[in-house]
Amino acid sequence: MGLIANYKYLSDKNLNELKAFYTENTESITDIEENNNDLEILLDLDKMWDALHFVLTGTSASEPIKNNCFSEAILGISHIEEVEDFIAYTEKSRIKDILLALDNFDIEKAMESFIMEECKKANIYPDIWDYEEESEEIEEEIMDYFQNMKDFYRKILEVNGNVLITIC
């Protein structure tokens, strides 16, 4: 079992409840997620969230880049510090910029210069970078997750929603 990143549509109502929870501590994050049933728009990056962050930014997700759409796409903008697991959100006002950056990123070109050894040196999660014989499969997986992320943010933009990110 490892750290898996999940992305979920978050309504304005549930975003306000999330913010209120961490200032008033009135209900659990599970309650907020369960009440967020307006729309079901989900993305699961499984364990490849750090690798995708590395491909997009050149750094590990452990080093978020402020005001960088690629870093924000993976890690969100507003992080909730008072919890054990990683929880963040991105408000709808930033979704269009994130999607535009993702749409303009040439993942195929980036993957041409992708070197698994660089991921190992940068200590990128998950620890799969010694499996050179699987490099083609890993590269394909990263490209698929990138496309899924673009599709997810496009749907979020279409419904004028916010995004909840959990990595646990």
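**Entry 1: a network.** I began with E72, R94 and D97, which are linked in a network of salt bridges. For my own reference, a salt bridge is a side-chain nitrogen of Lys or Arg within 4 Å of a carboxyl oxygen of Asp or Glu.

**Reminder on the model.** I am reading a predicted model, where local features need pLDDT of at least 70, side-chain atom pairs count only at pLDDT 80 or more, and totals for chains, interfaces and linings use all residues. Residues are numbered from 1 along each chain as its sequence is written, and side-chain values use heavy atoms, with hydrogens and water left out.

**Entry 2: the total.** How many salt bridges does the structure hold? I found nine.

**Entry 3: D12 and K92.** Their closest N and O atoms are 2.6 Å apart, in a salt bridge. This pair links distant parts of the chain, 80 residues apart: D12 sits in helix α1 (residues 12-24), and K92 in the loop between β4 (86-90) and α5 (95-103). Helices here are DSSP runs of H or I with at least four residues, strands are runs of E with at least two, and both are numbered from the N terminus. Buried or exposed, or in between? D12 is partly exposed at 37%, and K92 is partly exposed at 24%.

**Entry 4: E91 and K19.** I then looked up the salt bridge of E91 with K19, where the closest N and O atoms are 3.0 Å apart. E91 lies in the loop between β4 and α5, K19 in helix α1, and 72 residues separate them. E91 is partly exposed at 31%, and K19 also counts as partly exposed, at 31%.

**Entry 5: two helices.** Next I turned to α3 (residues 49-57) and α8 (residues 135-158), whose axes come within 10 Å and cross at roughly 85 degrees. The axes are lines fitted to C-alpha atoms over the stretch in contact, with angles from 0 to 180 degrees between N-to-C directions. So α3 is roughly perpendicular to α8, a label for angles of 65 to 115 degrees; under 35 is roughly parallel, over 145 roughly antiparallel and the rest oblique.

How values were computed: Buried < 20%, exposed > 50% of the residue type's maximum accessible area, 1.4 Å probe, protein only.
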